[in-house]
Amino acid sequence: KENCFVPTSEIIAVEETELNKKQRNIGKWQKMAKPHAFTVYYVKKARNHRWRCSDVTFWCVDEHLCNQWIQALKELLEMQKSRPKQLLVYINPYGGKRQGKSIYEQKVAPLFSLASISTDVVITEHANHAKDNLFEVNINKYDGVVCVGGDGMFSEVMHGLIGRMQKDSGIDQNNPKAPLVQCNIRIGIIPAGSTDCICYSTVGISDPVTSALHIIVGDCQPLDVSSVHHNNTFLKYSVSLLGYGFYGDILKDSEKKRWMGPMRYDYSGFKTFLSHHYYEGTISFQPAKHTVGSPRDKDSCRTGCYVCKKSEQQLAEQHKECGLKHEEDEEEWKVIKGKFLAINAVNMSCACPRSPKGLSPAAHLADGSADLILVRKCSRFDFLRYLVRHTNQDDQFDFSFVDVYRVKSFQFTSKLSEDNESNVTDIGKKRFGQFCRDHPACCCNIANSTWNCDGETLDSSAIQVRVHCQFVKLFARGIEENSKDEAAYSQSSIEQLL
Ligand SMILES: CCCCCCCCCCCCC/C=C/[C@@H](O)[C@H](CO)NC(=O)CCCCCCCCCCCCCCC
Ligand SMILES: Nc1ncnc2c1ncn2[C@@H]1O[C@H](COP(=O)(O)OP(=O)(O)OP(=O)(O)O)[C@@H](O)[C@H]1O
Ligand SMILES: [Ca+2]
């Protein structure tokens, strides 16, 4: 009844179809002596970036012809070298609403088996199980690693893979300037967490079936990764949010409420909003001059993004020049001191179901930069106005108390650690403990906040951060343009750039 066009890259599987009696007796096929059939399973694109597995069955009388078609289509699939054949899967049974295991078994495993992908499945028994396991397994056996869980689970797998690569190459991660070895094994995310920001920002939806299909067709999306150090100690890598103040405090409070599931973030978010604490410190950063985009751009990173491609070319050129001294260290540092409600550094938009355009709507997945958002001390009402703009079309950077910069590296030191380092002992501060009790309404916080690094707290408030362009790869393709208007708009802005 309907014609449809399916690129071979979006065929999931081709199978010979056994016709049952009922099928044989319908329509014109009932006149055939012995009809033969094959079924093509393919990706059907629905609304809002959702993908589904659809199928179409072809019938004919000639058995030889039918087999020729099956053979030809299977050969076409075999030629798609980017498709994974063997995957290592880690399932966190306690992430999000604790449905990781059933999501995998009911929605994902049947699709992998249809696409003839073999899997080794590990159900994690404790935090860091997946990370530690990745240091031991024979990684070369696999075409990819899949994590079933949330951003925290992705982070574990990413740390395992990057850590393993550095260990195998004898690179010391504690050295902030070490030339890290890139990780080429792709990671797939089956969303089953509380925020699922990495999945949402790279696919456009958090939906397990959609993500499974992106893995099957062998998509590849590079991602920027930030390395976080405290002096010469490696702390963590980050791909989504590094947040101090508001998001650090939410995370710290929400960890005690894990039993609440994803709701814990709303509860702790509300509490943290009411507490309205601000923190004093100094932030220094190197602006990202290499990238052609800016955080106030009107259009966002989409599949085949021009801004990310430009950065990829530059990266390739840099690799060619390998060995030559980079001017990075000599490039200018901008220094900002102040009182901040939130300091957020995002490597991607951080779009998620709570905020469909994210913390920085124009941030790019793979341009080698992060957007540094500084929210200065302001009234509760203004901060609420700022937060609300994450949920509508208004510009969240259009406030006098909000600044945003595109950076390739930054450092932060809280006033408290600066004072401690310079041995200025303020007896008053010590006596008053954590908060300014003389002025309870002023919300001035003498204690440090903590950094929220992709949903995990960091031990140190003083950190040094460097963005590594396109450092890991995902089974994703970025967010696809979903309307003709959007596509035309993006094209016109590229023309403007050229
Ligand atoms: C009035 C409504 C305002 C809503 C504003 C929503 C902004 C939401 C922005 C979400 C950004 C998520 C960034 C991703 C971070 C992930 O790496 C990390 C690990 O999964 N998730 C979190 O840290 C979890 C972070 C969870 C943050 C939840 C924030 C909820 C804020 C609620 C404020 C309520 C104020 C109400 C006043 C009447
Ligand atoms: N079997 C396990 N028991 C306890 N913790 C685990 C287990 N497996 C993994 N973890 C840890 O649970 C943490 C949170 O998991 P995950 O990210 O999947 O869910 P979430 O926190 O609900 O979602 P999000 O990160 O999207 O907010 C991860 O950092 C991971 O280290
Ligand atoms: Ca980026």
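Trainee: Which helix gives the most to the shell around ligand 1?

Mentor: This is a predicted model, in which local features need pLDDT of at least 70 and side-chain atom pairs count only at pLDDT 80 or more, while totals for chains, interfaces and linings use all residues. Residues are numbered from 1 along each chain as its sequence is written, chains are lettered from A, and ligands are numbered from 1 in the order in which they are written. Helices (H or I, at least four residues) and strands (E, at least two) are DSSP runs numbered from the N terminus. With 5 residues, the main contributor to this shell is helix 9.

Trainee: Which residues come nearest to ligand 1, and which elements give two or more residues to its shell?

Mentor: A residue is near the ligand if its C-beta atom, placed from the backbone, lies within 6 Å of it. Of the 27 residues around ligand 1, the nearest are D151, T195, Y265, G269 and G455. The elements giving two or more residues are helix 8 (246-255), helix 9 (263-275) and helix 11 (380-388).

Trainee: Why is strand 13 largely enclosed by the rest of the structure?

Mentor: A residue is buried if 20 or more other C-beta atoms lie within 10 Å of its own, exposed if 12 or fewer, and partly exposed in between, with C-beta atoms placed from the backbone. Strand 13 (residues 370-376) is largely enclosed because its buried residues number 6 of the 7.

Trainee: Which residue of strand 14 stands opposite D371?

Mentor: Two strands pair if DSSP finds at least two bridges between them. Strand 13 and strand 14 (residues 402-414) pair in the antiparallel sense over 6 bridges. Opposite D371 stands R406.
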